[in-house]
Amino acid sequence: MRKELDQLNKIFDSRIRIGIMSALIVNEEVNFNELKALLDATDGNLASHLKTLEEHEFIRVEKGFIGRKTNTMYSITAEGEKAFRSHINALEKIIKNLQ
Amino acid sequence: MNERQQESLEVLTEIRSIMHKSSRFLSLSGWSGIWAGITALVASGVAYGWLTDQSAFVTNAGVDVMPNGQFSEAAAMWSERLLILAVVTFVVALLGALFFTWRKNKKAGEATFTGAARKLAVSMMIPMGAAACFILFFILNHHFAYIVPASLVFYGLTLINSSKYTFSDIRYLGLSEVIIGCIALFIPDMGLYLWALGFGIMHIVYGTIMWFKYDRKVNRL
């Protein structure tokens, strides 16, 4: 049990961060507004979680424009995908082991 | 199940739900299908009326060519009428489908034009564009017998292709359209009935199933 808990990544403790990673793992790119609607988060809250994931190099950020409006696109990095998958595996183990 | 497990299970369920919601356009309304079906039935009724008017033409399911190599007047008139009917039917069905989907999203408070909606639109436009080329060619060259099978098969393949971006159920609607289209190829005399079955009845049946399965909850909100 101890071992599985160690495999849980502390960075994915937050519901919003889990949500961001879930959306990015099945989509090539997702923009800020879509993430916001999907996760029901406020601008500031979402931005700070995105920042954390970016600092850990789990996601890539690409700033662009649609007309004059900024359109920031997010995508997952190879490292982020690896970390998120092992986090999911650890969650699964916790459920299975103790049944 | 202890607290730790309960928590892990909830997180996994949420991950699944977000993966599903973010990659598929799940706001297609069942009414969109029902509307498309009604439109198709009206259109086939109009075509049926014209056919009984021109009973001499019905026996000739293919090209109606005069001895001198020119297309007959009847065939030329048909080609013009069919083209107008096809365009009007498509536009009316599409506008209705968009309206009902937009209305459902407004009720549920969700955005209509998401990334998944874009993917769905693109995945539909490519095979539908090819279908339009084929059908236009068949109409202009008076190969009337191929219009029904081509429209059913292309549309069916379009739905199968698009089913990965919306409810997976439309895959089965697509399969039924392809099967009906292939049958229509072999019995051109039944063409109009099979077209009405594929685009009319099947849309209404699937639209109703989808409404009961997915929309009812939203309406109760």
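Two strands count as paired if DSSP finds at least two bridges between them, and I start my notes there. Helices (H or I, at least four residues) and strands (E, at least two) are DSSP runs, numbered from the N terminus.

**Ground rules.** I am reading a predicted model, where local features need pLDDT of at least 70, side-chain atom pairs count only at pLDDT 80 or more, and totals for chains, interfaces and linings use all residues. Residues are numbered from 1 along each chain as its sequence is written, while chains are lettered from A and ligands numbered from 1 in the order in which they are written.

**Chain A overall.** I found 5 helices and 3 strands in chain A, arranged along the sequence as α-α-β-α-α-β-β-α. I then looked up burial (20 or more other C-beta atoms within 10 Å of a residue's own, with C-beta atoms placed from the backbone). Of the 99 residues in chain A, 27% are buried.

**The sheet.** I traced an open, antiparallel sheet of 3 strands in chain A, in the order β1-β3-β2. Its edge strands are β1 (30-31) and β2 (59-66), each pairing on one side only. β1(A) joins β3 (residues 69-76) of chain A through 2 bridges, in the antiparallel sense. Here I saw A:Val30 opposite A:Tyr74 of β3(A).

**Where chain A touches chain B.** I took residues as in contact if their C-beta atoms, placed from the backbone, lie within 7 Å. Chain A gives 16 residues to this contact and chain B gives 17. On the chain A side, α2 (15-26), α3 (32-39) and α5 (78-97) each give two or more residues, and α2(A) has the largest share with 6 residues.

Methods: Buried ≥ 20, exposed ≤ 12 C-beta atoms within 10 Å, placed from the backbone. Contact = placed C-beta atoms within 7 Å.
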